[in-house]
Amino acid sequence: MAFNWKKNIREQSANTIMLLDELHLHYLSQEEPREDIAFIFKAYPHIAWYICNKMPELAAWVNMLTQMVANEPLPSNMDSLIGDVMESIEDWIIYVTTPDDYHRQSFNEWDENELTSLTDYSGKTVVDIGSGTGKQAFAVAPFAKSVYCVEPVWNLRRFLKQRAEKEGINNIYIIDGVIEDLPFAPSFADVTISGHVVGEDIPSEISAMERITKPGGMIILCPGNNDADNDNHSQLLELGYSWSKFLEPGEDFGGGYKRKYWKVKD
Ligand SMILES: C[S@@+](CC[C@H](N)C(=O)[O-])C[C@H]1O[C@@H](n2cnc3c(N)ncnc32)[C@H](O)[C@@H]1O
């Protein structure tokens, strides 16, 4: 499904694949073998070369896709095929090209009081995981001692840095990392936040967030789930999280009621 965050997503050059982060290419390599990507490697061998040399651990995947279509002619509709690929990874493409197209979506305009009212941030060390364009981090920075933004996408780290400079905020520190391997010692943070990040594997994501949070500190997911009584919701309740819901404005993709979750660490 196209999010329609960016009007000309289908016109992106196939070369945009080379702007993706290692994390994205790794995710692509984990999917069922995709014939559309295989044809892109066949039509643009420099992209295959780039990936094999940037991430030698993915060379076997690239070679497997290359073999898959070795005897096939290129489709006559390559432009349309590339458009489909770009649409299928629209969020990643926007992060590595025009993060503003994500930042200006109306669903990002939810009331920051939903986050800032959950605890007292003054003098606190805060970690925000998967900061994106900074909705959560910039909301709490005026109150906190310091805010560490963990963000695996290089262009979003650049966006966050430029945003902090533009807004004159000097207590935000931007770090490369993923929730699966957070670059902090145990009990580093008073408050650990993530918004629109967890959901793949709640027990291990929550355990990672709790590991870096001090006893008596707080873990906050805001937003942490759609407004749904799904498995993620049940797992969070079993882990002792409180919750409530709030509205993300807008008709576009992403708008609607969302749930936030929080817990004081034992
Ligand atoms: C939907 S965005 C949310 C951004 C921001 N927190 C917000 O609510 O607007 C998800 C963010 O998580 C980042 N991300 C993706 N995989 C991640 C991972 N494994 N660990 C940490 N962050 C991740 C993405 O790069 C992106 O910035």
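Strands β4 and β5 (residues 213-226) sit side by side in the parallel sense, linked by 5 bridges. Two strands are called paired here if DSSP finds at least two bridges between them. Within this pairing, T192 stands opposite I219 of β5. Helices and strands are themselves DSSP runs, numbered from the N terminus: a helix (H or I) takes at least four residues and a strand (E) at least two. This is a predicted model, in which local features need pLDDT of at least 70 and side-chain atom pairs count only at pLDDT 80 or more, while totals for chains, interfaces and linings use all residues. Residues are numbered from 1 along each chain, as its sequence is written.

Strand β4 has another partner too: strand β1 (residues 125-129) is joined to β4 by 4 bridges, and these two run parallel. Here D128 has I193 of β4 as its bridge partner. How much of β4 is buried? For strand β4 (residues 189-194), 6 of the 6 residues are buried, so the strand is largely enclosed by the rest of the structure. A residue counts as buried if 20 or more other C-beta atoms lie within 10 Å of its own, as exposed if there are 12 or fewer, and as partly exposed in between, with C-beta atoms placed from the backbone.

S187, in the loop between β3 (172-175) and β4, has a phi near 60°, a positive value in a residue other than glycine. S187 counts as partly exposed because it has 15 C-beta neighbours inside 10 Å. H196 lies in the loop between β4 and α11, and its phi is also positive, about 65°, although it is not a glycine. With 19 C-beta neighbours inside 10 Å, H196 counts as partly exposed. Over in strand β5, where P223 is found, the peptide bond from C222 to P223 is cis, with omega near -10°.

H196 turns up again around the ligand, where it is one of the closest residues, along with G130, G132, V178 and G195. In total 18 residues surround the ligand, where near means a C-beta atom, placed from the backbone, within 6 Å of it. This shell splits into 8 nonpolar, 7 polar and 3 charged residues. Nonpolar covers Ala, Val, Leu, Ile, Met, Phe, Trp, Tyr, Cys and Pro; charged covers Asp, Glu, Lys and Arg; the others, Gly among them, are polar.

Elsewhere, W92 of helix α6 (residues 90-97) is buried, with 21 other C-beta atoms within 10 Å. W92 touches L20 and H24, leaving aside residues up to four places away in sequence; a contact needs the two C-beta atoms, placed from the backbone, to lie within 7 Å. The C-alpha atoms of W92 and V153 are 8.8 Å apart, though 61 residues separate them along the chain.

Zooming out, the chain has 12 helices and 7 strands, and 40% of its 266 residues count as buried. Of the contacts with a separation of 6 or more, 70% come from residues 24 or more positions apart. The C-alpha trace spans about 60 × 40 × 35 Å along its principal axes.
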